[in-house]
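Q: I have a model open and would like to learn how to read it. Could you take me through it step by step?

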Amino acid sequence: MRKLMMAGAAVAALFTGTAQAQVQQSGFFGSIDGFYWFTGGSGGINSGNGFLSGITFVPGDGWGGSARLGYRFDGTAWDVALGGKYGDLKAGKRRGGGVNDFGVDDAKTWNVDLEVGYNITGPGWGVRPMLGVRYQHWKHDMGYHPDAPPGCCFNDNKAYGVGPRVGFDGTLNLAGPVSVFGGFDFSVLFGRTKSSGGPIVNSGKDSRTMYNFDGRVGLDWEIAPLFHIAAGYRLDISSGTFFKNEGFVPQSGRGERVEHGPFVRLAYNWGAPPSGPAPVQPPKVAGKKSYIVFFDFDRALITPTAATTIKQAAADAKAGKSTRLDVTGHADKSGGDAYNMALSLRRANAVKDQLVREGIPANQIAVVGRGESMPLVQTADGVREPQNRRVEIVLN
């Protein structure tokens, strides 16, 4: 356990020290990972009977995968996500010598996670602390020996637990579509172990508190708006999943199992906003009242801040007896011209709909989309700029 906590603290310090973070835009988000694991650690079985003292059960290397699906609520920093992971480790090297030359034939692990995240963003960065619950299940087929008959001497060991999980995720924009990301999480699981065996060791059960630490770091590339590919390295540590046996040779064991290796990822709706100054109001048109509302990247949804601005514009229009409201939509230069033109028109229509809900007659609202042709801030093509993702309202 001490090794587990030390390793966890080291990786956590790495991630938090570099202020890397992962955030989500409004709407659905998800990712699929594939990874390869190298294994280490020990089963740590210690028996008072010298016949079996000092045996360790460590599986070999293997592969695995994980997936996550979530939703960030529009106009808020909160999201919810459901995820899972599966790993399949093959036969490990036999440890010890002589009669203690046992090993692990096969080991499988899977878990389910439910979490709530809170997204905090800044210029080119974001942080996403999360709180959740994890269920995890381990299964070890153990006990092969070069001189043992079939079925001897340990058949399998199962462990399962459920408990709270806390973590920290995120991304840090480096340049253009490239970001560095990292994260870690820690779980305390309350559950049981159960083993069954052959003629030497019979079945047994043991209540157990188990611990998980997961860490990851890597590079991400946004290949298209909201679509990403990534590659990196991950470290998973489990403690306390080994078993207790009661039978001809009573014994029990705890230990740490370390799994680490490279992974690749395909993700949707993932990343922090690029660097840039905070949105500002555009210059006012002489003799006319004007307002501006801003939008998230690739979104036409009205945020709470935008709704407040639109409500004020509608109130001023009614108070000033305006006969026409010009609503003009704009987009930044990330994406193609045709797509951005359609996006700017969707944004303008979203503002019009909100104005109608505030009591402005639809026939008094003139809507037009300008695409990326009239940026408030000049940028190179392909650059995301928060101030250019806007709709302007002018009262006449």
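Q: Is Gly191 buried or exposed?

A: Buried means under 20% relative accessible area, exposed over 50%, and partly exposed in between (1.4 Å probe, protein chains only). Gly191 has a relative accessible area of 15%, so it counts as buried. A word on the source: this is a predicted model, where local features need pLDDT of at least 70, side-chain atom pairs count only at pLDDT 80 or more, and totals for chains, interfaces and linings use all residues. Residues are numbered from 1 along each chain as its sequence is written, and side-chain values use heavy atoms, with hydrogens and water left out.

Q: Where is Gly191 found, and which residues is it in contact with, leaving aside neighbours within four places in sequence?

A: Helices (H or I, at least four residues) and strands (E, at least two) are DSSP runs, numbered from the N terminus. Gly191 belongs to strand β9. Contact means heavy atoms within 4.5 Å. Setting aside neighbours within four places in sequence, Gly191 touches Tyr160, Gly161, Asp206, Ser207, Arg208 and Met210. Asp206 is 15 residues from Gly191 in sequence, with 8.7 Å from C-alpha to C-alpha.

Q: How many helices and strands does the protein chain have?

A: The protein chain has three helices and 18 strands. Of its 396 residues, 52% count as buried.

Q: Which residues have the most contacts inside the largest nonpolar core?

A: A nonpolar core is a set of buried Ala, Val, Leu, Ile, Met, Phe, Trp, Tyr and Cys residues joined through side-chain atoms within 4.5 Å. Here the largest has 20 residues, and Val351, Leu355 and Ile393 have the most contacts inside it. At least two of its residues come from each of β15 (289–294), α2 (304–319), β16 (325–329), α3 (337–357) and β18 (390–395). The largest share, five residues, is supplied by α2. Another core, of seven residues, lies apart from it and includes Phe35, Leu89, Phe181 and Phe263.

Q: What lines the largest cavity?

A: On a 1 Å grid over the protein atoms alone, a cavity is a set of points where a 1.4 Å probe fits but cannot get out, and lining residues have an atom within 4 Å of a point. A volume is the space filled by probe spheres set on the points, which are joined across faces, edges and corners. The structure holds five cavities of 30 Å³ or more, and the largest contains about 350 Å³ of space. Its lining has 22 residues, and the closest to the centre are Ser66, Arg68, Arg165, Arg216 and Arg265.

How values were computed
On a 1 Å grid over the protein atoms alone, a cavity is a set of points where a 1.4 Å probe fits but cannot get out, and a pocket is an open set with protein on both sides within 12 Å along at least five of seven lines; lining residues have an atom within 4 Å of a point.
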